[in-house]
Amino acid sequence: RIIILDEDTTGQEVDWSALYELGEVTSYGTTNSEAETVARMQGAEVALTNKVPFARSVIEQLPIGYAE
C-alpha cells in the first residue's frame, strides 16, 4: 500500500500515475497533525510526502518502529 500524505502541496504538474502500477495508492490532499499521519500510515509500505514532517514521535508509533 502506497500513501501520498499531501498531494495538494506538490502542484498540478506532478504525475502520480506510475505509482498506481506498483500497488494500491491512497492519496490525501493534506495531512495536518501527527495523529493523522500515524492513522493514515497504518498498513502502508511506502509513504510519500512533500511538507508533512516525519518526527521521531511519529515513526515510533508505526509498526516498523524506530531504529537508531
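Helices (H or I, at least four residues) and strands (E, at least two) are taken here as DSSP runs, numbered from the N terminus. Everything shown below comes from a predicted model.

Figure 1. Follow the sequence and you get the pattern β-β-α-β-α. The C-alpha trace spans about 35 × 25 × 20 Å along the principal axes. With 68 residues, a compact globule would come out near 11 Å in radius of gyration, so the 12 Å of this protein agrees. Buried residues account for 25% of the 68. The accessible surface is about 4,500 Å², and 49% of that belongs to carbon and sulfur atoms. As for contacts between residues at least 6 apart in sequence, 47% of them join residues at least 24 apart.

**Figure 2. The open sheet, three strands in the order S2-S1-S3.** The pairing is parallel. Strand S2 (25-27) and strand S3 (46-48) sit at the edges, each pairing on one side only. On average, neighbouring strands here are turned by 15° against each other, direction ignored.

**Figure 3. Zooming in on S1 and S2, which run parallel.** Strand S1 covers residues 2-4, and three bridges join S1 to S2. Look for isoleucine 4: its bridge partner in S2 is serine 27.

**Figure 4. The largest nonpolar core, seven residues in all.** Its members are Ile3, Leu5, Val38, Met41, Val52, Val58 and Leu62. Pick out methionine 41 and, setting aside neighbours within four places in sequence, you'll find Met41 in contact with Leu5, Ala47, Phe54 and Leu62. Another core, of five residues, lies apart from the largest one; among its members are Ile2, Ile4, Leu19 and Val25. In soluble globular proteins, nonpolar side chains do tend to be buried together.

**Figure 5. A closer look at alanine 47, in strand S3.** Which residues does alanine 47 contact, leaving aside its neighbours within four places in sequence? They are Ile3, Met41 and Phe54. Alanine 47 has a relative accessible area of 28%, so it counts as partly exposed, given that buried means under 20% and exposed over 50%.

How values were computed:
Residues numbered from 1 in each chain as written. Predicted model: local features only at pLDDT ≥ 70, side-chain atom pairs only at ≥ 80, totals over all residues. Heavy atoms only, no water. Pairing = 2+ DSSP bridges. Axes fitted to C-alpha atoms, helices over the stretch in contact; angles between N-to-C directions. Rg over C-alpha atoms; globule rule 2.2 N^0.38 Å. Buried < 20%, exposed > 50% of the residue type's maximum accessible area, 1.4 Å probe, protein only. Contact = heavy atoms within 4.5 Å. Areas by Shrake-Rupley, 256 points an atom, 1.4 Å probe, with all protein chains shown as cover. Core = buried A, V, L, I, M, F, W, Y, C linked by side-chain atoms within 4.5 Å.
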